[in-house]
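Trainee: Could you take me through this model term by term, so that each label is tied to its criterion?

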Amino acid sequence: MSSRRETAIRVSEIFGPTIQGEGMLIGLPTVFVRTGGCDYRCSWCDTLHAVDTEYRDQWTPMTVEAIWQEVRRLSGGQPLTVSLSGGNPAIQPFGELIAKGHDEGYRFALETQGSIARDWFADLDYLVLSPKPPSSDMDTDWNSLEHCLAAAAGRPQTALKIVVFDDADYLYARDVAARHPQLPVYLQPGNHTPPPPDDDDARVDIDGVMDRMLWLVDKVCADRWFEARVLPQLHVLLWGNKRGV
Ligand SMILES: C[S@@+](CC[C@H](N)C(=O)[O-])C[C@H]1O[C@@H](n2cnc3c(N)ncnc32)[C@H](O)[C@@H]1O
Ligand SMILES: Nc1nc2[nH]cc(C(=O)O)c2c(=O)[nH]1
Ligand code: SF4
Ligand SMILES: [Mg+2]
């Protein structure tokens with residue numbers, strides 16, 4: 001009888017190659033591994049099908065080997081940067097997958113809100129910390145954010161990515177940046193028309209998002225906040241609320 005148990009990772013979807021639509025790797029071809037389950041419930045979350053437990057029957061526990069075969073199939077065995085997102089991917093045990101991918105020349109980027117720290121953060125190539133502003137209705141646990149940075153131990157290239165909807169969010173972004181002057185900051189205009197979890201055809205108000213981005217650019221320039229970078233969600237501009245792109 002074998003007592004060996006494979007580590008299971010709860011997967012919502014694996015898709016790509018597509019381009020990374022957000023933040024420091026914007027435009028870079030990538031395969032996404034999106035995990036199911038999140039410790040947050042942001043008021044404007046655009047990925048509720050990977051958050052709301054009502055959809056948990058669509059999340060599949062997969063072995064590292066099965067995930068890896070799918071990433072290899074999608075990328076044609078050609079090494080690229082794999083994006084780990086969710087839900088909160090920090091809930092899942094990714095250490096083994098990262099080691100396996102590195103052996104074959106792949107790189108790994110993690111998107112997380114910074115609420116849960118893991119030792120394997122130090123094995124990442126890129127860490128994107130996306131603490132949540134007041135409009136999300138979530139509270140930031142500053143200690144947890146610090147623990148995430150401590151776990152990364154300065155090894156992955158690390159950046160902050162903050163969604164901004166309004167003045168309070170903008171002030172929050174300034175506060176996060178002031179706490180971490182060494183980290184690059186990406187500001188992302190919020191999409192006020194995120195999809196319901198079961199309808200990825202839902203219309204996006206691109207004009208409204210672009211108006212918010214123009215407002216954000218004006219704020220950054222008027223404040224002479226010359227270290228901030230303002231970027232849209234490129235995939236939303238290209239494909240709207242469509243899932244799996
Ligand atoms: C869906 S989350 C998954 C990863 C992780 N839970 C997090 O929030 O960082 C990926 C990114 O999408 C952003 N996001 C979610 N909903 C959004 C919206 N309505 N408009 C703009 N960005 C959004 C999040 O802030 C985060 O930076
Ligand atoms: N193309 C593309 N870029 C993304 N950047 C972050 C995403 C996410 O949902 O985590 C995402 C996504 O779902 N698609
Ligand atoms: S932390 Fe990320 S996945 Fe979780 S609810 Fe917020 S935006 Fe959605
Ligand atoms: Mg998304």
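Mentor: We can go from the overall fold to the sheet, then to one residue, and finally to the ligands.
This is a predicted model, in which local features need pLDDT of at least 70 and side-chain atom pairs count only at pLDDT 80 or more, while totals for chains, interfaces and linings use all residues. Residues are numbered from 1 along each chain as its sequence is written, and chains are lettered from A and ligands numbered from 1 in the order in which they are written.

Trainee: How many helices and strands are there in the protein, and what makes a stretch a helix or a strand?
Mentor: There are six helices and nine strands, where helices (H or I, at least four residues) and strands (E, at least two) are DSSP runs numbered from the N terminus.

Trainee: Why is the protein called as compact as a globular protein of its length?
Mentor: Its radius of gyration is 18 Å, close to the 18 Å that the globule rule gives for 245 residues, so the description applies; the radius is taken over C-alpha atoms, and the rule is 2.2 Å times the number of residues to the power 0.38. The C-alpha atoms fill a box of roughly 65 × 40 × 35 Å along the principal axes.

Trainee: What makes the nine strands a sheet, and in which order do they come?
Mentor: Two strands pair if DSSP finds at least two bridges between them, and the nine strands form an open sheet with mixed pairing in the order β3-β1-β2-β4-β5-β6-β7-β8-β9. The edge strands are β3 (60-63) and β9 (228-230), each of which pairs on one side only. From one strand to the next, the twist averages 30°, with axes being lines fitted to C-alpha atoms, for helices over the stretch in contact, and angles running from 0 to 180 degrees between N-to-C directions.

Trainee: How do you know that β4 and β5 pair?
Mentor: Four bridges join β4 (residues 81-85) to β5, and the two run parallel, so the count meets the requirement of at least two bridges. S83 has A109 as its bridge partner in β5, and V82 stands opposite F108.

Trainee: Why is L84 called buried?
Mentor: L84 lies in strand β4 and has 23 other C-beta atoms within 10 Å, so it counts as buried; the label asks for 20 or more such atoms within 10 Å of the residue's own, against 12 or fewer for exposed and values in between for partly exposed, with C-beta atoms placed from the backbone. Apart from residues up to four places away in sequence, L84 touches V33, P89, F94, F108, A109, L110 and E111, a contact being two C-beta atoms, placed from the backbone, within 7 Å.

Trainee: Why is β5 described as largely enclosed?
Mentor: Five of its six residues are buried, so β5 is largely enclosed by the rest of the structure. Across the protein, buried residues make up 39% of the 245 residues.

Trainee: What makes a residue part of the shell around ligand 1, and which residues come nearest?
Mentor: The C-beta atom, placed from the backbone, must lie within 6 Å of the molecule; of the 19 residues around ligand 1, W44, D46, T47, S130 and N191 come nearest. Two or more residues of this shell come from each of β5 (107-112) and β7 (157-164).

Trainee: How does the shell around ligand 3 divide by class?
Mentor: Five residues are nonpolar, five polar and one charged, where Ala, Val, Leu, Ile, Met, Phe, Trp, Tyr, Cys and Pro count as nonpolar, Asp, Glu, Lys and Arg as charged, and the others, Gly among them, as polar. Residues around ligand 3 include C38, Y40 and R41.
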